[in-house]
Amino acid sequence: MDPLLYLGALEVLFLVWIKGKGLEYVIMHQRWIFVCIFLLPSSVISDVRAWIIFKMCSATSESEIFRTAKLRVECFHISNIFQVVRVEPLANMGQVTALLNSIGWTLPVLPELDDLTVGGLVMGTGIESSSHIYGLFQHICAAFELVLADGSLDRCTEKENSDLFYAVLWSCGTLGFLVAADIRIIPAQKWVKLCYEPVCGLDAICEKFAEESANKENQFVEGLQYSQDEAVIMTGTMTDHAETDKTNCIVAVEYIPLRHYYHRHTRSIFWELQNFKHFFLLLLYSFYFSGLNEYPIIHPFYLF
Ligand SMILES: Cc1cc2nc3c(=O)[nH]c(=O)nc-3n(C[C@H](O)[C@H](O)[C@H](O)COP(=O)(O)OP(=O)(O)OC[C@H]3O[C@@H](n4cnc5c(N)ncnc54)[C@H](O)[C@@H]3O)c2cc1C
């Protein structure tokens, strides 16, 4: 039989099955179908799009600069205490970790979603599980270069043009166009040793979280709350040595490669659904108008 007929027959069976089970049941209990058919392909398309943008380099080549497309990073020593990278605003967190971690460095505050850009994190804000030590993304920035409304290129730091330096943060692009940011970096290690501790009771959860955050030996502190009274508090430290029987296996303690830890939430379905929402609504409406859906027209909105 013609492969197209097979596909058509499969599609009809699929729709009849959805009709029989009810759309709500399928979405709640058979989420893998939507993940495999829609989310994973849309995720690949998004990666291809990012790769194309990454390749459309506008920066000029300079021998002493590590540069990959839109991401241009200069490493230079400022003092004995910390170092700084200069980054273009369109560089995103995925590109920053790909480059910096491979040469043994990292940002002290690295917001975990791959697509968040330096420009957006400076002009908006960013936070991460290391913020109990280093503060917000803005607190690791040492200097900005902006093109202002009069066309001038201005550099600002805590001491030079300090009014502008402090006004830029959270300004959402209203003061000028950010063209470069100097950001502090710290040495990176290969693994994150992550300890999981379940805690019960809201007071105990808050107490535990505050206690672990106050302990500056924890380089990373994060809590996942499952209900009002159940949470897991995760504390992590970077290390170069992993116990082989505890790599990437979720027990009380596990070792995760540093870059995997940083981007642990990137592909979670919760965020992916945001990208997918419009397409999904379209699909639901096509069901509705084709008479396959018995739900009232307002119903799809309750899903999001
Ligand atoms: C689904 C989702 C998940 C998130 N998760 C996290 C998280 O895990 N951790 C975290 O810290 N934050 C998180 N955030 C918040 C996020 O960090 C901020 O919203 C951030 O500002 C978004 O960065 P962006 O690169 O997407 O910037 P955009 O949304 O593109 O831009 C943010 C603002 O900055 C301005 N801007 C951007 N670039 C420039 C430039 N070069 N010059 C001038 N202005 C500029 C834009 O005009 C806009 O007003 C999340 C947000 C969403 C929507």
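**Labels put to the test**

Glu-212 and Lys-208 both sit in helix α8 (residues 202-214), 4 residues apart, about one turn of the helix. Helices here are DSSP runs (H or I, at least four residues), strands are E runs of at least two, and both are numbered from the N terminus.

The model is predicted: local features need pLDDT of at least 70, side-chain atom pairs count only at pLDDT 80 or more, and totals for chains, interfaces and linings use all residues. Residues are numbered from 1 along each chain as its sequence is written, and side-chain values use heavy atoms, with hydrogens and water left out.

Q: What makes Glu-212 and Lys-208 a salt bridge?
A: The closest N and O atoms are 2.8 Å apart. A salt bridge needs a side-chain nitrogen of Lys or Arg within 4 Å of a carboxyl oxygen of Asp or Glu, so the pair qualifies.

Q: Why is Asp-182 called buried?
A: Its relative accessible area is 4%. Buried means under 20%, exposed over 50%, partly exposed in between (1.4 Å probe, protein chains only), so Asp-182 counts as buried.

Q: Which label does Glu-145 get, buried or exposed?
A: Glu-145 is buried, because its relative accessible area is 18%.

Q: What partners does Arg-155 have in salt bridges?
A: One is Glu-145, with the closest N and O atoms 3.8 Å apart. Another is Asp-182, at 3.3 Å. Arg-155 is in strand β6 and Asp-182 in strand β7, 27 residues apart. Arg-86, Glu-145, Arg-155 and Asp-182 are linked in a network of salt bridges.

Q: How do you know that β5 and β6 pair?
A: DSSP must find at least two bridges between two strands. Here 5 bridges join β5 (residues 141-148) to β6 (residues 153-157), so the antiparallel strands pair. Glu-145 stands opposite Arg-155 in β6.
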